[in-house]
Amino acid sequence: MKLLTNKTTRSNTITYAVVVISFVLLQLWSGAGMSSSLKGMLVPICAYVVMALSLNLTVGVLGELSLGHAGFMSVGAFTGTTAAMALAQSIPSDGLRLAIAMVVGALFAAIAGFLIGIPVLRLRGDYLAIVTLAFGEIIKSIFTNLYVGFDGGLRVSLLSNQTGIADNDLIIRGPMGIGGITKISTFVAGFVLIMLTLIVIFNLVNSRSGRAIMALRDNRIAAESVGIPVTKYKMMAFVISAALAGAAGTLFGLNYSTVVANKFDFNTSILILVFVVLGGQGRMLGSIIAAAALTILPEVLREFADYRMLVYAIVLILVMIFTNNPTIKGFFTRLFSKKQEGGANQ
Amino acid sequence: MNIFDSLISGISLGSIYAIIALGYTMVYGIAKMLNFAHGDVIMVGAYICFYTFTGGLMSFLPAVPPYAAILIAVVVCTLLGMLIERLAYKPLRTAPSLAVLITAIGVSYFLQNAALLLWTSNPKVFPSFFNFGGNTNIELGGLRISYVTIVTIIVSAVIMVALTLFTSYSKTGKAMRACSEDKGAAQLMGINVNTTISITFAIGSGLAAIAGVLLCSAYPTLVPTTGSMPGIKAFTAAVFGGIGSIPGAMLGGLLLGVIEIFSKAYISTQLSDAIVFAVLIVVLLVKPTGLLGKPIREKV
């Protein structure tokens, strides 16, 4: 038992260390001649890393496929950004306002996660996946038709602007989304959010609740028969995952001058799922690396110009085939085991 | 729009969803995978048809009459479907389903971006094939119905009947059903599982081409992402009816189309997508495996 704890602690420490070291290196590099396009990607990378980590909690730890994770990001982006803009006068400090906005975003996403979780978690497998997809699309539709203004109190209306505030003074302007955002997200804030996410996830996974959640993933019937309340633990994982996605959404939203609901569509959900599957389900370090690498990849492929997204697609397919085809996998396993045997003989 | 107009355009849209959903559901039934690239095969089919008709696919090819163009689109998509299956999915036959899902997404990205490079993002206006005697509409008892609508409904009815007969009575159809029931047992009975899966992809992709032509005839703007949203909706329709079930996909597609048009006409245009998905959620809560899906039994 002690050995196991040590092993987990070691792998968690490695994950923390990788994040801290990359942060320090990137921070140094951005001070000394990093290209501006790469600099602009630092915060989105942080947001996608947190998204991947939070989805990994649902897909890898809880074992349920979610195709609507961008919906929670959307909730976080819209509510958090609205909060930041409404509080612009009363809280002058950018950092504090960002922190409060993230808490608001996480809170609303958690509420959305809870409400969605009630019907969703009753379903199984692909049916569960399609309902999360449906919720993602519903959230997108709602935010596309939402009008929110602030004149001392929040005014909200759906479908058309009936808030009594002029169109230009609204915060959320229906299909136009939120405009004129003061960018207050920073790379440091992104780093802090990643660290907090890791702390939350690692502590959850290593707790009694985390073990219950993983027991449900491995064998629901067996877990139920030893008295683990299914709904409670599934809901716990799902809501925490949604809350983290909400915070990431706020970070993402406050990094741009405009936010529109169409940014958080099915393709975004899929993109995040790609990070999780490529990084390895249940492996947090894998998610971090995959999210960062795949966000930068189109930038690195810039020399292919028009062909870069095509190359991206081919890379994705080839990576999946090479990591999952039994023949190729077997070939590499044999290659490596031979090497190890050879080493032992010498 | 009165209620009959809405009903007819709902059935017409639903028929298109049903044809696409058939492709999803057949592939799911037999290969247990969600083929997210299916929506993009629709788009490829529509583009091939457009370019063979207008004569711009390759400079040495002449423009062809519309029915030949549709036929060429179907053939190209059938081959494309088999090629995709052979190159991207076959190596992953025994891999975990999520890995195959991501590969399908990769294929979807590939098709969209290839289309973007080949045919640019400028929207193409799809020609109206279905006009007889210069008219695109017909008067039927005081109702004005477009020929596209009628052709769509007839074509999908024929496809559904043909597919039902095919899967019930033909040897290949029976092999397909056997494979979706139990691959191992089917193989022991002398069925070539790989060929059967390949045929399933071929049929699904051929149907996708037809759906693409019908879709673009009804909604004539053609861009590289044309197939995505109908693809997602048809996938929803397949789940709605019970994924893996062929009659379920037809029923799901039709219902989804009718619900979409009715909510557009009577509730709200902007929220119609949200309403469609909300209905799906309600149905799945009442019947967790879709309308015609078999209940899943769990054994300990």
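Is Thr120(B) buried, exposed or partly exposed, and what is its relative accessibility? Thr120(B) counts as partly exposed, because its relative accessibility is 36%; here buried means under 20% relative accessible area, exposed over 50% and partly exposed in between, with a 1.4 Å probe and protein chains only.

Before the views, a word on the model. This is a predicted model in which local features need pLDDT of at least 70 and side-chain atom pairs count only at pLDDT 80 or more, while totals for chains, interfaces and linings use all residues. Residues are numbered from 1 along each chain as its sequence is written, chains are lettered from A and ligands numbered from 1 in the order in which they are written, and side-chain values use heavy atoms, with hydrogens and water left out.

**View 1. Two loop residues of chain B with positive phi.**
Most residues other than glycine have a negative phi. Thr120(B), which is not a glycine, has a positive phi of about 55 degrees. You will find Thr120(B) in the loop between helix H4 (97–119) and strand S1 (124–125) of chain B; helices (H or I, at least four residues) and strands (E, at least two) are DSSP runs, numbered from the N terminus. Lys32(B) also has a positive phi, near 50 degrees. Its place is the loop between helix H1 (3–31) and helix H2 (38–54) of chain B. With 45% relative accessibility, Lys32(B) counts as partly exposed.

Helix H4 (residues 69–86) of chain A has 18 residues and spans 26 Å from first C-alpha to last, close to the expected 26 Å, a figure defined as 1.5 Å times one less than the number of residues. Since 17 of its 18 residues are buried, H4(A) is largely enclosed by the rest of the structure. Ser74(A) is in this helix and is buried, with a relative accessible area of 1%. Not counting residues up to four places away in sequence, Ser74(A) touches Ile139(A), Phe143(A) and Phe264(A); contact means heavy atoms within 4.5 Å. Thr81(A), also in helix H4 of chain A, is buried at 0% relative accessibility. Beyond its neighbours within four places in sequence, the contacts of Thr81(A) include Ile178(A), Ile181(A) and Thr250(A).

**View 2. Helices H11 and H13 of chain A, side by side.**
Helix H11 (residues 266–279) and helix H13 (residues 308–324) of chain A pack at about 35 degrees, with their axes 12 Å apart. Axes are lines fitted to C-alpha atoms, for helices over the stretch in contact, and angles run from 0 to 180 degrees between N-to-C directions. Leu271(A), Val274(A), Val277(A) and Leu278(A) of H11(A) meet Tyr312(A), Leu316(A), Val319(A) and Met320(A) of H13(A).

**View 3. Aromatic rings in both chains.**
Over all chains, the whole structure holds 19 aromatic pairs. Rings of Phe, Tyr and Trp (its six-membered ring) pair if their centres lie within 6.5 Å; planes under 30 degrees apart count as stacked, over 60 as edge-to-face and the rest as tilted. One pair is Phe23(A) with Phe187(A): the ring centres are 5.2 Å apart and the planes at 45 degrees, so the pair is tilted. Phe23(A) and Phe187(A) are both buried. Phe50(B) and Phe126(B) have ring centres 6.4 Å apart and planes at 35 degrees, so this pair is tilted.
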